Structures are given as C-alpha cells and as structure tokens.
Amino acid sequence: MPFTYNCPRCGTASRPYVFRSGAEDHGVRHRRRRHDGDYPVREYIQRIAWRYAFARAAAWRPSGGDAIAAAAAGLLVLWCLWHALTN
Ligand SMILES: [Zn+2]
C-alpha cells in the first residue's frame, strides 16, 4: 500500500510513494521549501489504497517549473542535433 505525505497547513497531499520513507523524505523537502524547516501542526503520513494512488498519479499535471525545464531540455537536444549535423 503506497503512502502520501499530507500537510494540513497547505491543504496538500504528496504524490504516492511505494515506501513510507519516500513520503517522509517528501515531507522533509516540503517543510524545508514551504515552511523554512518548521513542522506544520498535524502533518501526517497516510497509507492509501493502490486505486487511489493510480488515480492521483493519473491526475498529476506538470507545474510551470516542470514545463520550463522540459522546454530547456528540448532546446538543448535540438541544439546538440543541429550542432552535430552542421559541423
Ligand atoms: Zn505545507
């Protein structure tokens, strides 16, 4: 059964992780980025059913940062191909 990290202060749940340690690591990163390392009151790790994990994974959409990183990577690949073919 997969696990999610849940932050009631932000009202968010992480993507599902197969191991509890993955959800806990997500919580560490979340606290560091969003809460300056402080522990949100009543944060928790939740064990969820596999069908909810698949539904959440299917509902995942890239963030703006993901889109920018993908565009930069695509441009880099195109530049490398163009450079290899023209020299
Ligand atoms: Zn939070």
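Modeller: Let's start with a definition: a residue is buried if 20 or more other C-beta atoms lie within 10 Å of its own, exposed if 12 or fewer do, and partly exposed in between, with C-beta atoms placed from the backbone. We are looking at a predicted model, in which local features need pLDDT of at least 70 and side-chain atom pairs count only at pLDDT 80 or more, while totals for chains, interfaces and linings use all residues. Residues are numbered from 1 along each chain as its sequence is written.

Biologist: What makes Asp-36 count as exposed?

Modeller: Asp-36 has 7 C-beta neighbours inside 10 Å, so it counts as exposed. Asp-36 lies in the loop between helix 1 and strand 3, and its phi is near 50°, a positive value in a residue other than glycine.

Biologist: And why is His-30 called partly exposed?

Modeller: For His-30 the count is 19 other C-beta atoms within 10 Å. Buried needs 20 or more and exposed needs 12 or fewer, so His-30 falls in between and is partly exposed. His-30 sits in helix 1.

Biologist: How do you know which residues His-30 touches?

Modeller: Two residues are in contact if their C-beta atoms, placed from the backbone, lie within 7 Å. By that test His-30 touches Tyr-5 and Cys-7, leaving aside residues up to four places away in sequence. By contrast, the C-alpha atoms of His-30 and Ala-72 are separated by 25 Å, and these two residues are 42 apart along the chain.

Biologist: What makes a stretch a helix or a strand, and how many of each does the protein chain have?

Modeller: Both are DSSP runs numbered from the N terminus: helices are H or I with at least four residues, and strands are E with at least two. The protein chain has three helices and three strands, and from the N terminus on they run β-β-α-β-α-α.

Biologist: How do you know which strands pair?

Modeller: Two strands pair if DSSP finds at least two bridges between them. Strand 1 and strand 3 have four bridges in the antiparallel sense, with Thr-4 opposite Gln-46 in strand 3. Strand 1 (residues 3-7) and strand 2 are also antiparallel and are joined by two bridges. There, Asn-6 stands opposite Ala-13, and the bridge partner of Cys-7 is Thr-12. Together the three strands form an open sheet in the order 2-1-3.

Biologist: What makes strand 2 and strand 3 the edge strands?

Modeller: Strand 2 (12-13) and strand 3 (44-47) each pair on one side only.

Biologist: Why is strand 1 described as largely enclosed?

Modeller: Five of the five residues of strand 1 are buried, so the rest of the structure largely encloses it. Phe-3, Tyr-5 and Cys-7 point one way, and Thr-4 and Asn-6 the other. Helix 1 (residues 20-34) lies across strand 1 and strand 3.

Biologist: Why is helix 3 said to lie largely in the open?

Modeller: The number buried among the 23 residues of helix 3 is zero, so it lies largely in the open. Helix 3 (residues 64-86) reaches 33 Å from its first C-alpha to its last, close to the 33 Å expected; that expected span is 1.5 Å times one less than its number of residues. An unreviewed UniProt entry carries the annotation "transmembrane region" for residues 67-85; such annotations may be inferred rather than shown by experiment. Over residues 67-85 the chain is 100% helix.

Note on methods: Axes are lines fitted to C-alpha atoms, for helices over the stretch in contact, and angles run from 0 to 180 degrees between N-to-C directions.
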